[in-house]
Amino acid sequence: MVTEAHPLSRPAVPLPALRFPAVRHLGPNWYASVMGTAIVATAGAGLPVHVPGVPGLRAVCAAVWVLSLVLLVTLLTARALHWTHHRDQARAHLLDPAAAPFYGCLAMALLAVGGGAVTVGRDVIGTGAAVALDTVLFTVGTVVGLAAAVAVPYLMAVHHRIEPGQATPVWLLPVVAPMVSAALGPLLVPHLPAGQLRETLLLGCFALFGLGLLATLLMLPLIFGRLLTGGPLPLALTPTLFLVLGPLGQSTTAVGNIADAAPGVVQAPYDQGLAGFAVLYGVPVLGFALLWLCLATALCLRARRNGMGFAMTWWAFTFPVGTCVTGAGALARHTGLVAFDGLAVALYVVLVAAWATAAAHTVRGLVSGVLLAGPTPGPAAPRRATVRTTSGAVR
C-alpha cells in the first residue's frame, strides 16, 4: 500500500535569490551623505576670510567636491538598482511616513553637487564643463525638488497615517528642497545671455525662496509644538533637530546670493531693495538659527549621555550647519562686519568636525555591513506558560 506523503513533509521550494541584495535596504536618506560632503567644499571655498593655518584650503575643497561627485554617481547607480530589483522595498519607503520625506534629499544632493561645480569644481574640470554640469543638475534637482514638495505632503495627507506626536524635523526635507534651488540658482545667472533669461531665472529663484519659506513656516510650529508637548525625540532621531537649521541658513544664503546677482539684472530700485532685504531678513533669521543650534546641541548631548549611538541621522549635523556657514558669509559680504566673518569660520570648523565624524562612522558601518543590513526582527513572543493545579486542570 502506497501512502501519500503529508504536505508538510515535502521539501520546501527555495525562493529565488535576490539580485543585488546589498542595495535592498538602501534608502533615500543616503543622499544626505552627498549633501554633507558637497557643502564642506562649497562652504570652505566661500569663506569670507582666509583661515589661518590652513594653506591650500581651496585645493582641499576642490578634492572634497570631487568626492561628492563620485558619491552622487555611486548612489544614483545604487538607487537605480534598488528601484529595478527591489521595487517592493522602494514602494514601502514611499508609503512609510518616516522614510518618504527623505526623497527631498535626492533633489538637494543634485543641487549641492551642481552648485559646488561652479563654486569650486571649475578648478578641476574647467569653467565650461562646470557650468554645463551645474545647468543639468540644477534643472533636474529643481524639478525633483518641486515634485517632492508636492508629492510627499500629498502622501502624508492621503496614504500615511500620522499622529500629531509623530512630527519630526524630517518633515522639512521635501519642502526645503526648493530653497536650495533658490540659493544656488543665482550662480548660473551671469552665465546666461543678458536680458529676459537672466531676470527670469533670478526672479524664479526668488519665487522658490518664497515657496520654501512659507512651507517651512507651516512645518516649524508642528515640530516645535511636538518637542515641547511630547518631550525629547527618540535617541536615533535626535540629530534630526539640526535639520531645522537648513531652511534658516539656506534662506539667508538665498537672499544674499539673489542680491549679489541683482545689479544689472533687475531694474532699479529693486536691485537695491534686494540688497537691503538680504540684511533685514538674514540677520534676525541667522540669530534664530544660533538659538536653535544651542537648543539642538543641548538635546543631542543629553541623548548621547543616554546612549545615542551612530545612525545615518548623524549626517544631519553637516549640511544644515554648512548652510549657516554660507548664510553668515553672505551677511559678511553685505554688511562688512568682522563678526560675521568670525562666525562663518567658527561654524565651518564645527562643520568639518561633524563631517569627519559622520564619514568615519559611515565607512566603518559599510565595512562591517551593519548599515546596509535589513532591520532586525523583534524577539519572538514568549510561549504562554501553563500551570497544572493540584486538581489536574491546566490553566
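A pocket, on a 1 Å grid over the protein atoms alone, is an open set of points where a 1.4 Å probe fits, with protein on both sides within 12 Å along at least five of seven lines; lining residues have an atom within 4 Å of a point. The model is predicted, so local features need pLDDT of at least 70 and side-chain atom pairs pLDDT 80 or more, while totals for linings use all residues. Residues are numbered from 1 along each chain as its sequence is written.

**Largest pocket**

Select Asn29, Ala98, Phe102, Leu237 and Thr313, the closest to the centre of the largest pocket among its 44 lining residues. Its volume (the space filled by probe spheres set on the points) is about 1,100 Å³. Next, colour helix 1 (31-45), helix 3 (87-94) and helix 10 (319-335), the elements that each give two or more residues to this lining; helices are DSSP runs of H or I, at least four residues, numbered from the N terminus. The lining comprises 30 nonpolar, twelve polar and two charged residues, where Asp, Glu, Lys and Arg count as charged, Ala, Val, Leu, Ile, Met, Phe, Trp, Tyr, Cys and Pro as nonpolar, and the others, Gly among them, as polar.

**Second largest pocket**

Move to Thr119, Leu187, Thr253, Asn257 and Arg333, which lie nearest the centre of the second largest pocket, lined by 28 residues. This pocket holds about 550 Å³ of space. Helix 10 supplies the largest share of its lining, six residues. By class, the lining of the second largest pocket has 15 nonpolar, nine polar and four charged residues.

Conventions
Side-chain values use heavy atoms; hydrogens and water are left out.
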